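Open the model in your viewer and keep the selection tool ready. This tour moves from one selection to the next.

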Amino acid sequence: VIIDARPFPDPEAQNLTRHTGHNHEIMARLVNHRNFRRWLLGVKDKFQAVVADAERSACSGKNAKQTAEQDCLTLGVAVYCRAGKHRSVAGSIILKHILQAEGWDCPEIRHLSANRWSRSCCKGQCQDCRWPPSSHKDVLDSAYKVWIAGKRYG
């Protein structure tokens, strides 16, 4: 499943450029962005279509969550943006939270652009990125609520 995370322009986020999408404020800005609901429900539609297709072809109609546990169904998810540092990183973390809440076994996320993050970037290792405030879980849970509500408007 290939997901475009570019629909989140945020020109006021200049104070966050030294961080990656691991940063709780970057994730909150993404989840609260005006384009988030449409984007996430588009991702959900795409994901469910791929799962349904995979179930039909590879797993003989078994339940996808059951078959995933039995190694019958393995899906790769790639999230991209322009630089691979903020939106795609935050989007992948948010999606992992959602898919785990849905019962999927998700491996550790690999950020393929990490080797291109600049020296001035914390690379997700600073205190702000590694130890988010308790409200961070609320942000991730609010993204999951959008997913389960599942009705797309516009």
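In which hand, left or right, does α4 pass α6? The crossing is right-handed. Keep in mind that this is a predicted model.

**Stop 1: the α4/α6 crossing**

Select residues 87-101 for α4 and residues 135-149 for α6. Two packed helices are described by the angle between their axes and the distance between the axes. Here the axes come within 9 Å, and they cross at roughly 65 degrees.

Now show the side chains at the contact. From α4, pick I94, L95, H97, I98, L99 and A101. From α6, pick K137, L140, D141, A143, Y144 and W147. Colour them by type: nine are nonpolar, one is polar and two are charged.

**Stop 2: along α4**

How many of the 15 residues of α4 are buried? The count is 12, so α4 is mostly covered, with buried meaning under 20% relative accessible area. Select S88, V89, A90, G91, S92, I93, I94, L95, K96, H97, I98 and L99 to see the buried residues. K96 and H97 are among them.

Step just past the end of α4 to G103. This glycine takes a positive phi of about 100 degrees.

**Stop 3: the nonpolar core**

In soluble globular proteins, nonpolar side chains tend to be buried together. The largest nonpolar core in this model has 39 residues. Select F36, W39, L40, I94, L95 and W147, the residues with the most contacts inside this core. I94, L95 and W147 also belong to the contact of α4 with α6.

Which elements give two or more residues to the core? They are α1 (24-31), α2, α4 and α6. The largest share, eight residues, comes from α2.

Zoom in on F36. Leaving out residues up to four places away in sequence, F36 touches F8, L30, V31, I94, A143 and V146.

**Stop 4: V50 on α2**

Select residues 36-58 for α2, then pick V50 within this helix. Is V50 buried, partly exposed or exposed? V50 counts as partly exposed because its relative accessibility is 29%, between the cut-offs of 20% and 50%.

Show V1 and L75 next. V50 touches both, not counting residues up to four places away in sequence. V50 and V1 lie 49 residues apart in sequence. Draw a C-alpha to C-alpha distance between V50 and V1: the value is 7.2 Å.

Definitions and conventions:
Residues numbered from 1 in each chain as written. Predicted model: local features only at pLDDT ≥ 70, side-chain atom pairs only at ≥ 80, totals over all residues. Heavy atoms only, no water. Helix = DSSP H or I, 4+ residues; strand = E, 2+ residues; numbered from the N terminus. Buried < 20%, exposed > 50% of the residue type's maximum accessible area, 1.4 Å probe, protein only. Contact = heavy atoms within 4.5 Å. Expected span 1.5 Å × (residues − 1). Axes fitted to C-alpha atoms, helices over the stretch in contact; angles between N-to-C directions. Left-handed = near helix turned anticlockwise from the far one by under 90°. Nonpolar A, V, L, I, M, F, W, Y, C, P; charged D, E, K, R; others polar. Core = buried A, V, L, I, M, F, W, Y, C linked by side-chain atoms within 4.5 Å.
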